[in-house]
Amino acid sequence: MGYRVTLIPGDGIGPEVTAAARKVAEATGVSIDWEVVDAGEKAIKLTGNPLPDAVFDSIRRNRIALKGPITTPIGGGFRSVNVALRQQLDLYASVRPARAIAGEGTRYPGTDLIVVREATEGLYSGVEHWVDRDHTAAETVNVITRKASDRIIKFAFELARREKRKHVTCVHKANIMKTTGALFQTAFREMAPKYPEILADERLIDNMCMQLAKKPSDYDVIVTTNLFGDILSDLAAGLAGGLGIAPGALYGEGLAVFEPVHGSAPKYAGSDKADPTAEILCVELLMRHLGEKEAADRIYRAVWETIAEKKFVTYDLALPGYTSRPVPPSSCSAMAGEIARKVPLVDISKPLPQAPPHGMPGDAALEA
Ligand code: NAD
């Protein structure tokens, strides 16, 4: 009997990248019995509901899920399936590691950050309305509670302690949001002394963006509220090499759902072009959660070597403008096939080589 894991293929590129991730999971030899449930566009077609009860039932039963991205209509239509899933299952901690891999596709080959984002409240509370009948004024309510702030900040410090990280930065906007921002800031200031071995500091969100763009290596673990975390995790993904390689995890009490930072990238849907790495690295995080350390290490190493070798990489790691060493791009399935082939062969006993310190094309011109 293997592990039973819920699988939500999702929309757009979701079915392609989750198929790729399954293939790599199988290559580890860890037996997983996938329980496939639909959410999003396919679920609407089948049941009229983008988030049927079967999805909640399956995740609550299995307590672990791998999820593809799900499309959200912009400016109208149904509420985000992703936000609803997080709120209804109380998946409060969104953990998004931004690791540069083999120095590819990034100006910052040393990037190794973790963004910890509160995922159930803030400006995603869903409490919003038009103020007037003509729809010329609107309000969205930013709900910040002490309870949710305490638990996400504690989660970030515990993660830092477990992973031997040295520095936790709290990001807020307490100079302008004098109630919600100050509440989160106070929760951080009162929690930090319980972790004396960890350097704790604070940044305003605007300054944080500038600091990250200038020198991401100054940061380690970042803890913040929902919207700031959403934005900072895309920024951190961009610094580390792009959305194509950025995995994520959502944790609640006894529940874990693994999903990439990226969305459903509709323009690439069905074209076998999307980078499968982010979803594959979600399987790496899933294996760590299951205690399957060797399988997780093999996946990370196989991804690293495939990207370093650059024989089979998708467009975002291959084409001029994305990398300093352009190569012909491979398909999503070819890259996943190569990673799966390498998984049982890689030597996980030797340390990963240091990425060469190089920049992207155009850096020399900038410096001149
Ligand atoms: P997106 O992440 O889908 O795409 C942003 C950019 O990154 C695009 O240029 C896309 O081509 C590129 N990209 C994304 N994933 C890639 C991959 N694996 N390989 C190569 N390139 C990749 O963001 P968007 O366009 O703002 O959103 C599209 C849809 O996805 C929206 O409906 C949005 O609501 C939804 N979304 C869902 C989630 C989720 O399911 N958790 C997260 C973010 C966005």
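Modeller: A polar contact is a pair of N or O atoms within 3.5 Å; within protein, one atom must be able to donate a hydrogen and the other to accept it, and residues adjacent in sequence count only if both atoms are side-chain atoms. This model is predicted, so local features need pLDDT of at least 70 and side-chain atom pairs pLDDT 80 or more, while totals for chains, interfaces and linings use all residues. Residues are numbered from 1 along each chain as its sequence is written, and side-chain values use heavy atoms, without hydrogens or water.

Biologist: Which backbone oxygen lies 2.8 Å from a polar atom of the side chain of threonine 224?

Modeller: That of valine 171. The 2.8 Å distance falls within the 3.5 Å limit.

Biologist: Why is threonine 224 called buried?

Modeller: Buried means under 20% relative accessible area, exposed over 50%, partly exposed in between (1.4 Å probe, protein chains only). Threonine 224 has 0%, so it is buried. Its contacts (heavy atoms within 4.5 Å) include Val116, Glu118, Val171 and Phe184, not counting residues up to four places away in sequence.

Biologist: What makes S10 a strand, and where does threonine 224 lie in it?

Modeller: Strands are DSSP runs of E, at least two residues; helices are runs of H or I, at least four; both are numbered from the N terminus. S10 covers residues 221-224, and threonine 224 lies in it. Val221 and Val223 point one way, Ile222 and Thr224 the other, and all are buried. In a regular strand the side chains alternate between the two faces of the sheet.

Biologist: How do you know that S5 and S10 pair?

Modeller: Two strands pair if DSSP finds at least two bridges between them. S5 and S10 have four, in the parallel sense. Arginine 117 has threonine 224 as its bridge partner in S10. Strand S8 (residues 167-172) also runs parallel to S10, joined by four bridges. There, threonine 169 is partnered with isoleucine 222.

Biologist: What makes aspartate 33 and arginine 4 a salt bridge?

Modeller: The term needs a side-chain nitrogen of Lys or Arg within 4 Å of a carboxyl oxygen of Asp or Glu. Here N to O is 2.5 Å. Aspartate 33 is in strand S2 (residues 32-36) and arginine 4 in strand S1 (residues 3-8), so the pair ties together parts 29 residues apart in sequence. Aspartate 33 is partly exposed at 37%, and arginine 4 is partly exposed at 39%.

Biologist: Are lysine 67 and glutamate 259 buried or exposed?

Modeller: Both are buried. They form a salt bridge too, with the closest N and O atoms 2.6 Å apart. Lysine 67 is in strand S3 (residues 64-67) and glutamate 259 in the loop between strand S12 (255-258) and helix H9 (277-290), 192 residues apart.

Biologist: How many salt bridges does a search of the whole structure find?

Modeller: The count is 27. Arginine 146 and glutamate 190 supply one of them, at 2.8 Å from N to O. That pair links helix H5 (residues 146-162) and helix H6 (residues 180-191), 44 residues apart.
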